[in-house]
Amino acid sequence: MEGISFTSAQLFLLALRGIICLILPFAGYAYLRRKHGTSIYPMLVGLLTYVLILVPREVVRRMLLPGADSLTGKWLTVWFVGGCFEEIGRYVAMKHAMPNHDTTADALCYGCGHGGAEVFSNAVMTFVMLFEACTLTGTHLEALAQQGILTVFVQFLANAENLVFHAAMSVFISRAVRYDDKKLIPVAVFVHMLANFTDFCFGLAGGILLTAVICMLVYLHGRILQGDSDDNMEY
């Protein structure tokens, strides 16, 4: 595109963004492996579960969206369908695909896979943008040329926040499986919708703040369960 060019530093930063997206989920797993000896199996289950719900989730969205009579209704439909598929899918996967992996570390590892699938998709998009910048093709080159080190930092925070959110939700849903408490599923769906709403309306800062609150509430919920139960599961 005429008048637009990219420096080597800009291309490096784009590559760095993609590499960070690829590394984050594995860094989370490496920590869990080192600290708790966690198997990679829950992470693979989380990754596969996310991939399997993509098509049916989109089909249901397309079926329901025409019935929404406003832009707000359309967004609520998208968030509700997404929350249902992700949290119910998380529950089904934990209950039937990993019944012998029911520790908190296993749930966190599942979150690295589930959230990691979204982070990997960001990596793919980043490498596509890198290709477009190298070949000067695409429709958003001018905006892309304005990005710098701040964008890399923001992307790191956004992807890290996404992984932490899915890890917290995975721990929460694992309790629905362990304690056979299906009432936790609609709570998880609502929280998932709230997180999407917060990201949409308040951006990264709002998302980080809400995720911190969710982590605290999940921790406190675990402490309550620990006090009411005689088992040795640690939260």
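Predicted model: local features only at pLDDT ≥ 70, side-chain atom pairs only at ≥ 80, totals over all residues.
Residues are numbered from 1 along each chain as its sequence is written, and side-chain values use heavy atoms, with hydrogens and water left out.

Visitor: Which element gives the most to the lining of the largest pocket?
Guide: A pocket is an open set of points on a 1 Å grid over the protein atoms alone, where a 1.4 Å probe fits, with protein on both sides within 12 Å along at least five of seven lines, and its lining residues have an atom within 4 Å of a point. The largest pocket has a volume of about 700 Å³, a volume being the space filled by probe spheres set on the points, which are joined across faces, edges and corners. At least two lining residues each come from helix H2 (41–64), helix H3 (71–97), H4, helix H6 (149–178) and helix H7 (184–228), where helices are DSSP runs of H or I with at least four residues, numbered from the N terminus. With ten residues, the element that gives the most is H7.

Visitor: Which residues of the largest pocket lie nearest its centre?
Guide: By class, its lining has twelve nonpolar, 14 polar and seven charged residues, where Ala, Val, Leu, Ile, Met, Phe, Trp, Tyr, Cys and Pro count as nonpolar, Asp, Glu, Lys and Arg as charged, and the others, Gly among them, as polar. Of the 33 lining residues, those nearest the centre are Glu118, Asn122, Asn162, Asn196 and Asp199.

Visitor: How many nonpolar residues are in the lining of the second largest pocket?
Guide: The second largest pocket holds about 410 Å³ of space, and of its 20 lining residues the closest to the centre are Leu108, Val164, Ala167, Ala168 and Val171. H6 supplies the largest share of this lining, seven residues. Beside three polar and one charged residues, the number of nonpolar ones is 16.

Visitor: How much space lies in the largest cavity?
Guide: A cavity is a set of grid points where the 1.4 Å probe fits but cannot get out, and the count comes to one cavity of 30 Å³ or more. Its lining includes Phe6, Gln10 and Arg17, and the largest share, four residues, comes from H1. The space in the largest cavity is about 80 Å³.

Visitor: How are H1 and H4 oriented to each other, roughly parallel or roughly antiparallel?
Guide: Axes are lines fitted to C-alpha atoms, for helices over the stretch in contact, and angles run from 0 to 180 degrees between N-to-C directions. H1 and helix H4 (residues 104–135) pack at about 165°, with their axes 8 Å apart. Angles under 35 degrees count as roughly parallel, over 145 as roughly antiparallel, 65 to 115 as roughly perpendicular and the rest as oblique. H1 and H4 are therefore roughly antiparallel.

Visitor: Which side chain meets Glu86 in a salt bridge?
Guide: A salt bridge is a side-chain nitrogen of Lys or Arg within 4 Å of a carboxyl oxygen of Asp or Glu, and a search of the whole structure finds six. Glu86 in helix H3 pairs at 3.1 Å, N to O, with a residue in helix H2 that is 29 residues apart from Glu86. That partner is Arg57.
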